[in-house]
Amino acid sequence: MNASVYTRWFKDIRLEDVPLVGGKTASLGELFSALAPQGVKVPNGFALTASAYRDALTQADAWDKLSNLLAGLDKRNIADLTKRARAARAIVFAATDQDYLRREINKAYRQLEQEYGANVAVAVRSSATAEDLPTASFAGQHESFLNVRGPDDLMTACQRCFASLFTDRAISYRIDNGFDHFKVALSVAVMKMVRSDLAASGVIFTLDTESGFRDVVFVTGTYGLGENIVQGTVDPDEFYVHKPTFNNGFRAVLSRRLGAKKMQMIYAKGRATTRNVATSQAARKRFCIDDKNVLELAQCAIAVEKHYSKKAGAATPMDVEWAKDGREGALYIIQARPETVAARRKLEALESYALKSTGKVVATGRAVGEKIASGKLRLIKNDRDLGAFRPGEVLVASATSPDWEPVMKTAAAIVTDHGGRTCHAAIIARELGVPAVVGTENITRQVKTGMPVTVSCADGDIGHVYHGALPFSVERIATDKLERPSTEIMVNLGNPEIAFKTAMAPSDGVGLARMEFIINQHIGIHPMALAQPGKIKSARDRRSIKTLTERYQKPSDFFVERLSEGVGTIAAAFYPRPVIVRLSDFKTNEYANLLGGADFEPKEENPMLGFRGAARYAHPAYAEGFALECAALRRVRNEMGLTNLKIMIPFCRRLEEARNVIQTMAGHGLARGKEDLEIFMMCEIPNNVILIDQFAKLFDGFSIGSNDLTQLTLGVDRDSDIVAFDFDERDPGMLQMLTMAVTGAKRNRRHVGICGEAPANYPEIAKFLTELGIDAISVNPSSVLRTMAVVHEAEQSKAKSIVVAG
């Protein structure tokens, strides 16, 4: 189809006419040809070229007017910026009101009507010459118009689109990025509207937007037209798909989150071409698209990314808009541009914190992490106080609860009266990278809300809480300069929300993925309450569980989906590096706190030594709950294709217990050795060490749980404020236990690692284990880089010793 210099049909457009991908030149026709066989559909249309904009302003003698208008502009003077921007838009709007452009637009629109029918609705969208560069996206700076009908309204919309080159935000953005206002031009794409007002639409990123993690496709969607998502006025549904396993042929959604989707944009008549209406309660409780749609969109996005990466000559993560036609049910790609924010992020650096001065010490306790933070103190006495907590404050409490995790995520630091290095507050703080001081004994009786404090964990084992906001420094060392040891340095992880970010830092995988965090935070219901809902006595619990599980065929499906997606996200983040997931190891009092849990848990005087770990899995009181755990892990490996997942049995007291669990797992489709499944055992009970030769015949590897092993070897309750000082992994008896465990595993040619914090807290322990020849050391994310340095140094020292001895 012939076209003048000012209009181009999509199949004929070259990127110098409608610039994309940082000025790279390629035909959109090439894009259509490349992607159409892969199922990527693009609605037809045409574009007014950048030449149309430039020539119109030249013929109207508008350049000098614009130059004089914007001369000497100070963007900090908001009123003046608004006034000049409005005048500039008026100049461009008038300048582009050209008869020859009107004729071109009318002709192209009539041809579009021949394909789609009379009075066809179109979208009018901008593409500027400075948009979507590697260092500046300009996304959202210019205007788009939806549901435009007829040549007259289309002409007006194109003029307004050209004029939007001088919106307040676009002018300000160009100033910030050093672009010349008069070297930037804008083209206008006119595209047949997809009837997503009757279905759904959204945005896809070919990476994780928060961390910059490249191995996922992130799909968002809402009901109606997509402008609400672009403008951020709705809370959309979210989905992740894992690229490597998708490319290996596995078709599964990695994880999903249901958005509120309170309103949806639909067509309107009259001057306003669109309007928002409330989404029904029933629709809000459903996802706007099904898994089949999500996977089709992921396939399209991967194809678009591959195509543009080839054209750009480098990996180019993409930001893609999509729409589903409610009449025909087809999915369309309506826009694609490079993602320019998260894609530019680099790996984290090794950080070293140091106080520049000290002040009055308010309290001391056990240090968690190595960071320093300041903020106003907020005393939390009970759950009701959480509502007053503000992000950036220092959370101070007698102790923390797992229910507080959402608030703890926003805290600058955490301080508690009670607890040791392995208490809840410490574990959460490590995962969040937040400094914490635990076991201060009496800080809650000495402080008041609003007091400014500095929490320092940069002084070794002892953490300090100082009065006032003290100055401190942070030194960062690039991770690419780190010396990687031959001993595997892995991470302990429980929170899927930080998995992508954690996986981008150097490590050899996950040595301990805690299932309890996922059950507690993402499920919240006792597994047996879902397997046997009829036995729940509490009417309140029954109502809560019904609400949480109402979109599932049966309540237990909720557990399997949530657990598999949580574990799967961690496994996907580190793929193909190994991820060792520990089966649930709640104690009875912790299980009882879950919804419906009180009806299924016995009351024990000493839950630490009671019905926990392996004892539960084949027992009639938990057998159906364990079957759900196995179903979730089977889904991760078999349906998601994440075969890097290994399974670990915790607190396995006796050989017979080990055999029963392995047999039970096989009955649930998790047979050791089948499809390369490896089963590990936590080595955390003295009997595990004493009988390690026999246990080695049943398992593929061991992970030393130094916390419980120390507690049981020394007979010390690590959570007791009175005797916790006796809890020390460096005790000679513990060193002997570690020696027996490592040498025993290696004697039987079994993998052996450690997943307690002892190597991170005490460099001498890391050195000791390295000299023993341990295969892996797994620590919390904040300790990984420091542990790498310590272990590398120990390996170098060991090598020199061998040379000298030889």
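Contact, as I use the word today, means heavy atoms within 4.5 Å. Two remarks on the source. This is a predicted model, where local features need pLDDT of at least 70 and side-chain atom pairs count only at pLDDT 80 or more, while totals for chains, interfaces and linings use all residues. Residues are numbered from 1 along each chain as its sequence is written, and side-chain values use heavy atoms, with hydrogens and water left out.

First, the overall picture. The protein chain has 29 helices and 30 strands; these are DSSP runs numbered from the N terminus, helices being H or I of at least four residues and strands E of at least two. Of the 806 residues, 56% are buried, where buried means under 20% relative accessible area, exposed over 50%, and partly exposed in between, with a 1.4 Å probe and protein chains only. Among contacts between residues at least 6 apart in sequence, 69% join residues at least 24 apart.

Now helix 17, residues 539-549. Which of its residues are buried? They include D541, I545 and T549. These residues cover an arc of only 50° around the axis, which puts them on the same side of helix 17; the arc is that of the directions from the helix axis to the C-beta atoms. An α-helix has 3.6 residues a turn, so residues three or four places apart point the same way. On the other side of helix 17, R540, R543, K546 and T547 are exposed. Helix 16 (527-531) and helix 18 (555-574) are among what covers the buried residues of helix 17.

Next, the barrel. It is closed by 8 strands in the order 23-24-25-26-27-28-29-30, with parallel pairing. Two strands pair if DSSP finds at least two bridges between them. Neighbouring strands of this sheet are turned by 30° against each other on average, direction ignored, with axes being lines fitted to C-alpha atoms, for helices over the stretch in contact, and angles running from 0 to 180 degrees between N-to-C directions. As one example, strand 25 (residues 579-582) and strand 26 (residues 645-649) run parallel and are joined by 4 bridges, with V581 opposite I647.

On to the cores. A nonpolar core is a set of buried Ala, Val, Leu, Ile, Met, Phe, Trp, Tyr and Cys residues joined through side-chain atoms within 4.5 Å. The largest has 108 residues, of which I649 and M665 touch the most other members. Helix 18 gives the largest share of this core, 10 residues. Another core, of 46 residues, lies apart from it and includes L48, L57, I171 and L186. Leaving aside neighbours within four places in sequence, I649 has contacts that include L583, Y617, M665, F680 and F699.

Strand 17 (residues 394-397) runs parallel to strand 18 over 4 bridges, and V394 stands opposite A413. Strand 19 (residues 436-438) is also parallel to strand 18, through 2 bridges. Strand 20 (residues 452-456) has 4 of its 5 residues buried. Its pairing with strand 16 (residues 372-380) is antiparallel, over 5 bridges, and strand 21 (residues 462-467) pairs with strand 20 antiparallel over 4 bridges.
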